[in-house]
Amino acid sequence: MRFNNPKIIRIYEMLEAHFGFLDWWPGESKLEIIAGAILTQQTSWKNVEKAIKNMKARNMMSFGLLLNADIKDIEDAVKPSGFYRQKAKRLRDFLAYIRENHSTIKNFLSKDAMELRKELLSINGIGKETADSIVLYAAEKPIFVIDAYTKRAIKRIYGMENEMEYDELQDCIMKKIPKNLELYKDFHAQFVELCKNYCKKSNPLCTECPLRKVCNYCDILSQLKVGSFQGGYD
Ligand code: SF4
C-alpha cells in the first residue's frame, strides 16, 4: 500500500478549498470533449482551445460534418495543437470507427466503463490517459485519469523515490477514494491546477502551495521538523 485513505482525501479537500470546485472538463458536447482529449496529447490546453475554436468557426464540431470534412481542412483547423496531420487523422479515424461499429457517439459511450476503456485502447492512437479522459468526462463513468501532473505531484507529496506507473497509481487512488463521478472529475482537475500553479516541473513554489503542510517534498526542502505525511494525518 503506497498511500492511505485519510491522506489522499485530505489532499483533495485542501486542493478543493484552495482552487474551488473546477467543473472540468470544458466542452459543449460529447464530441468536443472527445476531440479535446485527442488534441491535448503532447500539448497544452491553451493550444487545444485554439484548435477547438477553429473547428467551431469552420462548422466542424458535429459528428457528420467532421467525418465528412476534407482532411486538409481538419489539419488546418487543428494546427495550433501540434502534430496536426497525425491528430487530424486520429480524429477522423476515431469517428469513422464509431460510425462503422456503433453508429453514434451516444451508443459507443453507453457501454460499461471497463468495456469502453478496453475498446478505446484498441483504437489506434488512443492511449491510457486519452481513453480514461473519454470514459470519465465524455461517457461520465468513474475512472481516475492519471497524467504527468498527477504522477509528479503524488511522487513529491508522498516522498517517493520514483514516479508510479500509470496502472499502479490509478489502482491505488481508485481503491482509496469513494467511487464518485464528480469527485473523480474534480480531483483530476485539481492535480492539473496544482502542478500548473505550484508544483512545477522545475522550481516548485512550495512556500505558497496549499499542500505545503502535508507534502514530504516540501518538508525535506524546508528542513522543517514537522514529520512525514504518513505521520501527519493518520
Ligand atoms: S509543497 Fe511543493 S512539492 Fe509539494 S505539492 Fe506543493 S509545490 Fe509540489
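A: Among contacts in the protein chain between residues at least 6 apart in sequence, 60% join residues at least 24 apart. Keep in mind that this is a predicted model: local features need pLDDT of at least 70, side-chain atom pairs count only at pLDDT 80 or more, and totals for chains, interfaces and linings use all residues. Residues are numbered from 1 along each chain as its sequence is written.

Q: Thanks! How many helices and strands does the protein chain have?
A: There are 14 helices and zero strands. Both are DSSP runs numbered from the N terminus, with helices being H or I of at least four residues and strands being E of at least two.

Q: Which domains is it divided into?
A: Domain 1 covers 5-22 + 146-233, and domain 2 covers 30-138. These bounds come from an automatic or database domain assignment. Five residues from domain 1 and four residues from domain 2 make the contact. The C-alpha centres of the two domains lie 29 Å apart.

Q: New topic: what share of the residues count as buried?
A: Of the 234 residues, 35% do. Buried means 20 or more other C-beta atoms within 10 Å of the residue's own, exposed means 12 or fewer, and partly exposed is in between, with C-beta atoms placed from the backbone.

Q: Is Leu39 buried or exposed?
A: Leu39 is buried, because 28 other C-beta atoms lie within 10 Å. You'll find Leu39 in helix H2 (residues 30-39). Leaving aside neighbours within four places in sequence, Leu39 is in contact with Val48, Ala51, Val78, Ser81 and Lys87.

Q: What about Asp147?
A: Asp147 counts as partly exposed, because it has 18 C-beta neighbours inside 10 Å. Asp147 sits in the loop between helix H9 (128-138) and helix H10 (148-157). From Asp147 to Ser103 is 44 residues in sequence and 30 Å in space, C-alpha to C-alpha.

Q: Which residues touch the most other members of the largest nonpolar core?
A: They are Ile34, Ala35, Leu91, Ile134 and Ile157, out of 62 residues in that core. Domain 1 and domain 2 each give at least three residues to this core. A nonpolar core here is a set of buried Ala, Val, Leu, Ile, Met, Phe, Trp, Tyr and Cys residues joined through C-beta atoms within 7 Å. In soluble globular proteins, nonpolar side chains tend to be buried together.

Q: Who does Leu91 touch, then?
A: Apart from neighbours within four places in sequence, Leu91 is in contact with Ala35, Ile38, Leu66 and Ile74.

Q: Last one: how many residues surround the ligand?
A: There are 14, and the closest are Cys199, Cys206, Cys209, Cys215 and Cys218.

Note on methods. Contact = placed C-beta atoms within 7 Å. Near = placed C-beta within 6 Å.
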